[in-house]
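I opened this model to look up its salt bridges, its surface and the confidence behind them. My entries follow in the order I made them.

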Amino acid sequence: AAPSSPGPAPAAPAGDGLDSFFGGEAPAAAPAADAAPAVEGFGDEGAFGAPAAEPAEPVPVAAPLQAEEEPNAMLEWQRANLETLKAKDSAETEARSAVKVKAAEHLSSFNAERDAKLTARKASNREAEATLKDSVATLGTGGNVWEDATSLIETNSNLSVNDTDMSRMKKLLVKLKHTPIIQAN
């Protein structure tokens, strides 16, 4: 029961139910027509002992900034930056395509040169193989075995195709040529 007071008691703020906890009671406000219904069995107070809260008024939402509200310098910089980025992107695209074209040309010229060298090497190898087969076919027909053996080896002072030094081999063949062969009886 509320103590009698000479005048009307000031209304407690909505949701402030601590007065009854600390010893003083706030007078119960009359329920508004659009207020939330009281929880059954608890009277005017809610389920947790606090008076039923009145519906809150909607908070106004701040309108988003419009393009006109932004500073003109910022808009100009953004537009200029966008144009600069577009120009850089197009320049990069052109540079990439130029590099790809140049690489394709280089690759095709490299392959053409390689094919020409390969064809020439195949032809020279076929000629060398035909010459070698002819010399091997006539190998045993001569009178001197050493002359036949030295005919298979290039004994010119120039280095061979593989740029290998054959001087020791030549010296050994010359020494064996001049040394008589001893045959076992």
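**Entry 1: salt bridges**

I began with E113, which forms a salt bridge with K117, the closest N and O atoms being 3.5 Å apart. The term stands for a side-chain nitrogen of Lys or Arg within 4 Å of a carboxyl oxygen of Asp or Glu. Both E113 and K117 lie in helix α2, four residues apart, about one turn of the helix. I note that helices here are DSSP runs (H or I, at least four residues), as strands are (E, at least two), numbered from the N terminus.

This is a predicted model, in which local features need pLDDT of at least 70, side-chain atom pairs count only at pLDDT 80 or more, and totals for chains, interfaces and linings use all residues. Residues are numbered from 1 along each chain as its sequence is written, and side-chain values use heavy atoms, with hydrogens and water left out.

How many salt bridges does the structure hold? I found three. Another one joins the side chains of E92 and R96 at 3.1 Å, N to O. These two residues are also four apart in helix α2, which covers residues 72-137. For exposure I used relative accessible area: buried is under 20%, exposed over 50%, partly exposed in between (1.4 Å probe, protein chains only). E92 is partly exposed because its relative accessible area is 40%, whereas R96 counts as exposed at 54%.

The side chains of E129 and K133 meet in a salt bridge as well, at 3.9 Å, N to O. E129 and K133 are four residues apart in helix α2, so about one helical turn separates them. E129 is partly exposed at 44%, and K133 is exposed at 55%.

**Entry 2: surface**

Which residues make a nonpolar surface patch of about 310 Å²? I listed M166, M169, L172 and L176. Patches take residues with over 30% relative accessible area and no salt bridge; like charges are joined within 9 Å, nonpolar side chains (Val, Leu, Ile, Met, Phe, Trp, Tyr) within 5 Å. L172 sits in helix α4, residues 167-178. It counts as partly exposed because its relative accessibility is 45%.

The accessible surface of the protein chain comes to about 16600 Å², and 59% of that belongs to carbon and sulfur atoms. Areas come from the Shrake-Rupley method with a 1.4 Å probe; for residues, only the protein chains shown count as cover. Of the 185 residues in the chain, 2% are buried.

**Entry 3: chain and confidence**

I counted four helices and zero strands in the protein chain. Among contacts (heavy atoms within 4.5 Å) between residues at least 6 apart in sequence, 15% join residues at least 24 apart.

The chain averages a pLDDT, the predictor's confidence in each residue from 0 to 100, of 74, and 57% of the residues score at least 70. Where pLDDT is low, the predicted coordinates should not be read in detail.
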